[in-house]
Amino acid sequence: MTSSTTIWLTIGLLALVTIVIKAVGPITLGNRTLSPPVAAVVGLLAPPLLTALVLVETVGDGEGGFSLDARLGGLAAAAIALALKLPTLAVVVIAAVATALLRALA
Amino acid sequence: MRAGLPFALPAALLAVSFGVLAEPLMGLTATVVMSLVVYAGTAQFAALSVLLSGGGVAPAVTAGMLVNLRFLPMGLAAAPSLHGGPLQRALEGQSVVDVSWAMASDGRGGFDRDLLVGATFPQYVGWAAGTLVGALFGDALGDPEALGLDAIFPAFYLALLVGEVRGGRALSAALLGGAIALLLLPIAPAGVPIVAASLASLIALVGRAGEAPPPRARPSGEPPPAAAPPQGSDTTP
């Protein structure tokens with residue numbers, strides 16, 4: 001059984017680490033502007049980060065392996081909803097419903 | 001702030017599933033406090049799954065930290081657009097979460113500071129409220145996976161991605177980042193594949209040689225460009 005000390009230490013330390021990670025950039029860079037090549041790299045950060053998050057959350061099993069399951073169907077449904085230009089809320093609800101339906105049928 | 005509203009409900013739905021999964025192990029108070037003070041969904045799930053599998057403080061914090069390391073380049077990126085002195089900047093930097101950061105990015109290295117900070121508030125409220133609901137009513141809600149709640153995160157990120165990919169270079173970076181993440185997923189600790197994928201943004205430097213002075217000598221660890229292979233070297237003559 002995980003002790004309450006373990007739980008509270010984990011919460012406290014993870015909160016602290018997260019705050020520090022987020023503070024490093026703003027404190028060290030200050031208001032200096034980025035040089036053009038660095039700005040170009042920074043401007044291109046979002047697409048690969050988001051793609052990695054999509055993939056890891058869709059086919060990762062959370063423990064360092066692959067797990068191909070109903071989430072794939074949910075993501076496909078989300079892609080169709082996006083192609084139809086539906087709002088984000090509708091997209092995520094459709095993904096959840098499609099995944100739940102696939103699991104219920106399996 | 002209004003820009004963040006469409007994302008408050010998806011965040012809340014996701015938080016419900018965190019509340020449902022975490023409450024049996026952590027209890028109501030710790031579950032809600034974690035969402036309030038950590039406020040990073042993927043990291044919370046990562047740390048929780050370590051604790052659920054019997055792991056201790058060090059591996060749980062490490063798992064969450066690795067997942068959150070992406071906020072380091074994201075914070076560096078947003079830094080010049082923030083306001084005030086070091087303390088205020090550090091505070092404003094806390095509003096860097098995936099959705100707000102992606103929405104505030106103009107794709108050329110600049111960030112809309114008001115959008116970044118404002119859009120985070122409704123999501124924070126949604127995240128906290130959702131966690132509370134999940135932790136309180138988990139027994140009545142049943143298995144979050146049966147409800148498909150685990151598909152919300154990837155669908156959410158896909159929606160953000162579609163908004164970000166304008167132009168061929170963004171698409172190339174996205175594809176390269178995805179390939180890096182998939183390659184590393186089975187061999188690297190959780191979180192590392194996501195952080196490593198950010199290296200794909202370096203392709204922004206490709207083709208800039210004409211506009212800027214060429215980069216200095218290659219880092220010594222990197223092999224020199226391969227000489228053009230002889231014709232047909234990969235097939236038998």
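Trainee: Where is Thr42(B) found?
Mentor: Thr42(B) sits in helix α2 of chain B, residues 41-52. Bear in mind that this is a predicted model.

Trainee: Buried or exposed, that Thr42(B)?
Mentor: Thr42(B) is buried, because its relative accessibility is 8% and the cut-off for buried is under 20%.

Trainee: Which residues is Thr42(B) in contact with, leaving aside neighbours within four places in sequence?
Mentor: One is in chain A: Glu57(A). In chain B, Thr42(B) is in contact with Val67(B), Arg70(B), Phe153(B) and Tyr157(B).

Trainee: OK, on to the interface. How many residues of each chain are in contact?
Mentor: Chain A brings 71 residues and chain B brings 92. Together the two chains bury about 6,800 Å². Carbon and sulfur atoms carry 80% of that area.

Trainee: Which three residues of chain A supply more of its buried area than any other three?
Mentor: Leu14(A), Lys22(A) and Leu44(A). They supply 10% of the area that chain A buries against chain B.

Trainee: How many salt bridges does the rule find across the interface?
Mentor: One. Arg103(A) pairs with Asp150(B), and their closest N and O atoms are 2.9 Å apart. For polar contacts between chain A and chain B, the count is seven residue pairs, with both residues at pLDDT 80 or more.

Trainee: Which elements of chain A give two or more residues to the side that touches chain B?
Mentor: Helices α1 (4-29), α2 (36-43), α3 (46-59), α4 (71-83) and α5 (88-105) of chain A. The most comes from α1(A), with 21 residues.

Trainee: And by class, what does that side of chain A have?
Mentor: The side of chain A that touches chain B has 48 nonpolar, 18 polar and five charged residues.

Trainee: Now the largest nonpolar core. Which residues touch the most other members?
Mentor: Leu50(A), Met26(B), Met34(B) and Trp101(B). This core has 76 residues. Helix α1 of chain B, residues 5-37, gives the largest share, 11 residues.

Trainee: What does Trp101(B) touch, not counting residues up to four places away?
Mentor: From chain A, Trp101(B) touches Leu45(A), Ala46(A) and Leu49(A). From chain B, Trp101(B) touches Met74(B), Ala77(B), Ala78(B), Val96(B), Phe111(B) and Leu116(B).

Trainee: What does the second, separate core include?
Mentor: Val41(A), Leu44(A), Ala173(B) and Ala204(B) are among its five residues. Leu44(A) also came up among the residues that supply chain A's buried area.

Trainee: Switching to Thr131(B). Where is its place?
Mentor: Helix α7 of chain B, residues 113-141. Thr131(B) counts as buried because its relative accessible area is 0%.

Trainee: What makes polar contact with the side chain of Thr131(B)?
Mentor: The side chain of Ser35(B), at 2.7 Å.

Trainee: Which residues is Thr131(B) in contact with, past its neighbours within four places?
Mentor: Ala15(B), Val16(B), Phe18(B), Gly19(B), Thr31(B), Val32(B) and Ser35(B).

Trainee: How far apart are Thr131(B) and Glu145(B)?
Mentor: In sequence, 14 residues. In space, 16 Å from C-alpha to C-alpha.

Terms used. Residues are numbered from 1 along each chain as its sequence is written. Chains are lettered from A and ligands numbered from 1 in the order in which they are written. This is a predicted model: local features need pLDDT of at least 70, side-chain atom pairs count only at pLDDT 80 or more; totals for chains, interfaces and linings use all residues. Side-chain values use heavy atoms; hydrogens and water are left out. A nonpolar core is a set of buried Ala, Val, Leu, Ile, Met, Phe, Trp, Tyr and Cys residues joined through side-chain atoms within 4.5 Å. Buried means under 20% relative accessible area, exposed over 50%, partly exposed in between (1.4 Å probe, protein chains only). Helices (H or I, at least four residues) and strands (E, at least two) are DSSP runs, numbered from the N terminus. Contact means heavy atoms within 4.5 Å. Buried area is the accessible area (1.4 Å probe) that two parts lose on being put together, summed over both. A salt bridge is a side-chain nitrogen of Lys or Arg within 4 Å of a carboxyl oxygen of Asp or Glu. A polar contact is a pair of N or O atoms within 3.5 Å; within protein, one must be able to donate a hydrogen and the other to accept it, and residues adjacent in sequence count only if both atoms are side-chain atoms. Ala, Val, Leu, Ile, Met, Phe, Trp, Tyr, Cys and Pro count as nonpolar, Asp, Glu, Lys and Arg as charged, and the others, Gly among them, as polar.
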